Amino acid sequence: MYVALFSDHTLRQFENEAMGNELASLSLGYLVQASFLEDPPATYEHAFRVQPESPTADAWVLCPDGPAESAAVSYTHLRAHETLRLSR
């Protein structure tokens with residue numbers, strides 16, 4: 001599974017890094033919240049929850065393999081990378 005943040009404020013899940021087959025999508029809005037789980041599953045101590053701005057929206061719990069995959073990166077930083085990728 002591969003999860004990517006897109007510039008249209010969606011978090012999308014794909015089968016793999018090739019991003020050919022989209023499995024799910026979560027619309028985040030502007031006031032998205034992300035936080036580490038207080039009581040994560042046994043082998044996923046770096047698990048975190050992503051909650052969109054809508055109080056009725058579903059939240060996603062992501063369970064990366066390690067700290068490098070769950071490192072905090074600002075949304076602005078991610079948008080800059082997306083803009084650079086699209087403009088090349």
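1. Start with Pro 40, which sits in the loop between β4 and β5. Strands here are DSSP runs of E with at least two residues, helices are runs of H or I with at least four, and both are numbered from the N terminus. Pro 40 is partly exposed, because its relative accessible area is 24%. The cut-offs are these: buried is under 20% relative accessible area, exposed is over 50%, and partly exposed lies in between (1.4 Å probe, protein chains only). Leaving out residues up to four places away in sequence, Pro 40 touches Glu 45 and Ala 47. Contact means heavy atoms within 4.5 Å. Pro 40 and Val 61 are 21 residues apart in sequence, and their C-alpha atoms are 9.8 Å apart in space.

2. A word on the basis. This is a predicted model, in which local features need pLDDT of at least 70 and side-chain atom pairs count only at pLDDT 80 or more, while totals for chains, interfaces and linings use all residues. Residues are numbered from 1 along each chain as its sequence is written, and side-chain values use heavy atoms, with hydrogens and water left out.

3. Now the whole chain. It has one helix and six strands. Along the sequence, the pattern reads β-β-β-β-β-β-α. Of the 88 residues, 26% are buried. Among contacts with a separation of 6 or more, 24% link residues 24 or more positions apart. The chain exposes about 6,400 Å², and carbon and sulfur atoms supply 52% of that area. Accessible areas come from the Shrake-Rupley method with a 1.4 Å probe; for residues, only the protein chains shown count as cover.

4. Look at the open sheet next. Three strands form it in the order β1-β2-β3, with antiparallel pairing. Strands pair if DSSP finds at least two bridges between them. β1 and β3 (22-27) are the edge strands, each pairing on one side only. Neighbouring strands of this sheet are turned by 20 degrees against each other on average, direction ignored. Five bridges join β2 and β3 in the antiparallel sense. Across that pairing, Gln 13 stands opposite Ala 24 in β3.

5. Which strands does β5 pair with? β4 (residues 33-36) and β5 pair antiparallel over four bridges. β5 and β6 (residues 60-62) also run antiparallel, joined by three bridges. Two residues of β5 show these pairings. Val 50 is the bridge partner of Ala 34. Arg 49 stands opposite Val 61 in β6.

6. The faces of β5 deserve a look. In a regular strand, side chains alternate between the two faces of the sheet. In β5 (residues 48-51), Phe 48 and Val 50 make the covered face, whereas Arg 49 and Gln 51 make the uncovered one.

7. Which residues make up the largest nonpolar core? There are seven: Leu 11, Leu 26, Leu 28, Phe 48, Val 50, Trp 60 and Leu 62. β5 and β6 each supply at least two residues of this core. A nonpolar core is a set of buried Ala, Val, Leu, Ile, Met, Phe, Trp, Tyr and Cys residues joined through side-chain atoms within 4.5 Å. In soluble globular proteins, nonpolar side chains tend to be buried together. Beyond its neighbours within four places in sequence, Leu 11 contacts residues including Val 3, Leu 26, Val 50, Trp 60 and Leu 62.

8. Thr 10 lies in β2 (residues 10-14). Is Thr 10 buried or exposed? Thr 10 is buried, because its relative accessible area is 9%. Asp 8 lies in the loop between β1 (2-6) and β2. Asp 8 is partly exposed, at 41%. A polar contact of 2.5 Å joins the two side chains of Thr 10 and Asp 8. Such a contact is a pair of N or O atoms within 3.5 Å; within protein, one must be able to donate a hydrogen and the other to accept it, and residues adjacent in sequence count only if both atoms are side-chain atoms.

9. Finally, two backbone angles. Most residues other than glycine have a negative phi. His 9, in the loop between β1 and β2, has a positive phi near 70 degrees. His 9 is buried, with a relative accessible area of 13%. Met 19, in the loop between β2 and β3, has a positive phi of about 55 degrees. Met 19 is partly exposed, at 25%.

Key: Axes fitted to C-alpha atoms, helices over the stretch in contact; angles between N-to-C directions.
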